[in-house]
Amino acid sequence: MKGNEALAHAAIRYGADGYFGYPITPQSEVLETLEELMPWETTGMVVLQAESEVAAINMVYGGAACGKAVFTSSSSPGVSLKQEGISYIAAGELPALIINVMRGGPGLGTIQPSQADYFQATKGGGHGDYRLITLAPSSVQEMADFVGLGFDLAFKYCTPSIILADGIVGQMMEKVVLPPQRPRRTDEEIARQCPWAVTGKPSTRKRNVMTTLELEPSAMEVINNKLQEKYKLIEENEVRFQTYDTDDAEYLVVAFGSIARICQKAIEDAREQGVKIGLLRPITLWPFPKDEIDRLSQKVKGILVVEINAGQMIEDVRLSCHDRVPVYHFGRLGGMIPDPQEVLDAFFNHFPEANKQ
Amino acid sequence: MDKNDIIKEENRVYKRPKLLTDNIMHYCPGCSHGVVHKLVAEVVEELGLEEKTIGIAPVGCAVFAYNYIDIDWIEAAHGRAPAIASAVKRLMPDRMVFTYQGDGDLAAIGTCESIHAANRGENIVIIFINNGIYGMTGGQMAPTTLEGMKTSTTPYGRRVDLNGYPLKISPLFAQLDGTCYVTRQSVHTPANTRKTKAALKQAFQNAMNGLGTSVVEVVSTCNSGWKMTPAQANKWMVENMLVQYPLGDLKNTVKK
Amino acid sequence: MAKVQGVVVINEERCKGCELCVVACPADVLQLQSMEVNDRGYHYASMVNPEQCIGCASCALVCPDGCIEVYRVINK
C-alpha cells in the first residue's frame with residue numbers, strides 16, 4: 001500500500017481516538033483512507049474533515065487536552081497553518097501526533113516531494129521555545145511503524161511528535177506489515193495515565209484547566225525551564241539513527257527520509273569503484289544524532305549532506321562535527337529528485353581526491 | 001422582624017452559585033461578563049451537569065474564565081474555541097461542552113471556526129458576548145462596533161467606508177441548518193438577566209439532547225472601553241446597541 | 001409593618017462599587033457608601049433604607065461579582 005494509506009491503517013490499529021485533517025496534496029490519502037475504513041464503526045475512532053488546517057490542529061489540541069490519542073496530517077503549506085496550534089500543544093505539554101508529508105515550497109510551491117520543512121519541524125516552526133520529536137521515515141513500513149512510535153513518545157514525554165515524511169514516501173507503494181489491532185484506552189485508563197486530562201470535573205478532584213497563559217514572568221520562566229529540562233531528557237534518551245558501511249568508511253554521507261535510500265544505492269555503487277563511503281541516516285531529526293556524527297567525523301575525511309532542499313540539515317551536521325572535516329551539501333529543489341549517479345557526481349565534485357579511477 | 005431573624009437559610013431567596021470560585025473576578029466594575037459567568041454556573045448546577053461540563057475559554061477579557069467557574073476548562077487560541085469544542089464533544093459525546101467567546105474571538109478571527117462548527121451542527125453551546133469592542137487589548141474596534149462608535153482604532157468613530165459594517169453574526173448562525181437555537185439576550189436588567197438564564201438553560205439542554213448547535217448572544221456593555229459608568233453604559237446599550245442588535249430569538253426549532 | 005420583608009447581605013470586600021444593584025433596586029434600598037471604601041478602594045454598596053427592602057433579588061441578579069445574597073420573609 002501507499003505510505004499515506006499505511007499511516008491511516010496504523011493509526012486505527014494503534015487505537016487512536018481521533019483524526020482531524022484537511023485535504024492537501026500529497027497526503028490526502030490519509031483522510032480518504034480513514035473515511036473509507038470507517039473506524040468509528042469498529043474502534044470508535046473519530047474522523048473529522050475540518051474546515052481548515054488551523055481548525056484541524058486546534059481540534060487536535062482540544063482532543064489531546066482530554067487525554068485522547070489524536071493526530072492530524074497535512075503537507076507543507078498546511079503545516080505552516082498548523083504552527084499556531086502546534087505551539088499551543090507543546091506549551092500545554094500535550095501528547096499529539098502531527099504528520100507532514102512534505103512538498104516543495106516556498107509559497108504554494110509544488111505538489112512534488114521535498115524535504116524543505118526540516119527547519120520548520122526541528123527548530124520549532126511556531127512561536128516560543130519548544131521542540132518537536134521529529135521522526136523521518138524512509139519506507140512505507142516506517143510510515144506505519146512511526147505512528148505507534150510517535151504516539152508512544154508523545155505520551156511518554158507529554159509533548160507533540162511529528163512524522164516528517166516527504167512526498168516520495170507518502171506516495172510510494174511497498175509491502176508493509178501492519179501492527180496488530182489494539183483497543184482504544186478506556187476512560188479509566190486515560191484518567192490514570194493522564195491525570196491532567198480535561199474530562200469533566202468529578203467531585204473527587206480539583207478542576208483540570210488546560211491553559212498556556214501565564215502572565216507572571218517568574219512563573220512563565222519556571223514553565224519554560226520545565227520544558228527545556230524535558231527536551232534535554234529527550235535529547236539524552238531518544239536519538240535514533242541508522243548507519244550503513246560506516247565501520248571502514250573514509251567519507252560519510254548523511255541523508256534522511258527517502259533520499260537516504262537513493263544515497264544507499266549511491267554508496268553501494270561507490271564501493272564497487274573501491275571508494276569507501278558510509279551512510280548515516282538520522283531517524284530522529286530532533287533529537288539529532290549529533291554524538292554519532294561527532295564520532296564519525298573523527299575518522300572520515302569529509303562529509304556530504306544530501307537533502308531535497310537548499311541545505312538545512314547540513315547546519316546540524318556542521319555543528320555536530322565541530323569543523324573537523326569539510327562538510328558539503330547536495331540537493332535538488334522544486335520537487336526534483338536526484339538519482340544515485342547525481343549523488344555520486346556531487347560527491348566526487350566535492351571530494352575529487354576520493355576518485356581512484 | 002429583626003434583620004438577624006430574617007437572615008436564615010430557610011429565608012434565602014438568592015445565593016451565590018456554589019460553582020463560582022472564591023477568586024475575585026478581574027473584570028472591571030459593572031462588566032457584563034460577571035453576570036453571564038454567574039448564570040452559566042447557576043445553569044450547570046441546576047441541570048446537575050457539574051461533572052460533565054467542559055468550558056472552552058477564549059482569548060479576550062474572558063481568557064481567565066477558568067478561574068471563576070469550578071469545572072474543567074480548556075483555554076483556546078484566539079478564535080479557535082469552536083474547533084476545540086467540536087473535537088471534545090465528538091470524543092466525549094456525553095459531556096456538556098460550551099464555548100464562551102467575545103465579539104473579536106467569535107466574529108473576527110474565529111468566524112471560520114464558529115460558522116463551521118455551527119454548520120456541522122455540533123452539539124455544543126456557543127455563548128457569544130457582544131460588547132462591540134476589544135476590551136482586553138485596550139478598546140480597539142471589533143467587527144460588531146457600531147457605525148460612528150469611537151474606539152482606540154476608530155478614534156473619530158467607525159466609518160463604514162473604511163471599516164465596513166457592524167457584523168450581525170447571529171442572523172448568519174440562524175440560517176445554518178446545523179443550529180437549533182439562536183437567541184440574542186442581555187443582562188442589563190433583572191428581567192433580561194432571567195431571560196438570559198432561561199436561554200442558557202435551553203441551550204444546554206439542546207446540547208445534551210443532541211439537537212444541534214445553540215448560540216446565545218448576550219449583548220453586553222464594556223463600560224471601561226466605552227468610557228462610561230456602568231449605569232450609563234447600560235443606557236447607551238439600550239439606545240444604540242439594541243437598535244442594531246435587537247433582542248429575542250432568531251431561531252428556535254425546539255418545541256417546548 | 002410591610003407584609004414582605006427582605007434583607008440583602010452584601011459581601012463588601014467583593015463589591016466593586018459598580019452601582020448596578022442601586023439602579024436595579026425598585027425600592028431605593030441601596031446606595032454606594034459615599035465615604036467608606038473596602039480594602040481594594042471601592043465605595044461598596046450597602047442598605048440605606050433597609051426597611052423598604054422587599055427581597056426581590058433584583059440587585060443580586062444584576063450583580064456582576066456575585067456579592068449579594070438575599071433573604072425574604074412574608075409576615076402573616
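How many helices and strands are there in chain A? In this predicted model, chain A contains 14 helices and 13 strands. The radius of gyration of chain A is 21 Å, close to the 21 Å that the globule rule gives for 357 residues, so chain A is as compact as a globular protein of that length. Along its principal axes, the C-alpha trace of chain A spans about 75 × 50 × 35 Å.

The interface of chain B and chain A is described next. In it, 36 residues of chain B are in contact with 36 residues of chain A, and the area buried between these two chains is about 2800 Å², with carbon and sulfur atoms giving 61% of that area. On the side of chain B, Glu51(B), Asp72(B) and Leu91(B) supply 23% of the area that this chain buries against chain A, more than any other three residues.

A salt bridge is formed by Asp70(B) with Arg207(A), where the closest N and O atoms are 3.2 Å apart. Between chain B and chain A, 16 residue pairs are counted in polar contact, both residues being at pLDDT 80 or more. Several elements of chain B, namely β2 (53–57), β3 (72–75), α3 (81–91) and α5 (111–119), each supply at least two residues of the side that touches chain A, and it is α3(B) that gives the most to this side, with 7 residues. When the side of chain B that touches chain A is divided by class, it has 17 nonpolar, 7 polar and 12 charged residues.

Strand pairing also links these two chains, in that strand β7 (residues 209–210) of chain A and β3(B) pair in the parallel sense over 2 bridges. Within this pairing, Met210(A) has Ile74(B), a residue of β3(B), as its bridge partner.

Chain B is also in contact with chain C, where 31 residues of chain C meet 33 residues of chain B. Chain C and chain B bury about 2700 Å² between them, 63% of which lies on carbon and sulfur atoms. The residues of chain C that lose the most area to chain B are Arg14(C), Leu61(C) and Tyr71(C), which together account for 25% of what that side buries.

Between chain C and chain B the count is 1 salt bridge, and Arg12(B) forms a salt bridge with Glu69(C), the closest N and O atoms lying 3.4 Å apart. The number of residue pairs in polar contact between chain C and chain B, both at pLDDT 80 or more, is 14. On the side of chain C that touches chain B, β1 (4–10), α1 (20–24), α2 (58–62) and β4 (68–74) of chain C each supply at least two residues, while the largest share of that side, 6 residues, comes from β4(C). By class, the side of chain C that touches chain B has 19 nonpolar, 5 polar and 7 charged residues.

Methods. Residues numbered from 1 in each chain as written. Chains lettered and ligands numbered in written order. Predicted model: local features only at pLDDT ≥ 70, side-chain atom pairs only at ≥ 80, totals over all residues. Heavy atoms only, no water. Contact = heavy atoms within 4.5 Å. Buried area = accessible area lost by both parts, 1.4 Å probe. Salt bridge = Lys/Arg side-chain N within 4 Å of Asp/Glu carboxyl O. Polar contact = N/O pair within 3.5 Å; in protein donor to acceptor, adjacent residues only side chain to side chain. Helix = DSSP H or I, 4+ residues; strand = E, 2+ residues; numbered from the N terminus. Nonpolar A, V, L, I, M, F, W, Y, C, P; charged D, E, K, R; others polar. Pairing = 2+ DSSP bridges. Rg over C-alpha atoms; globule rule 2.2 N^0.38 Å.
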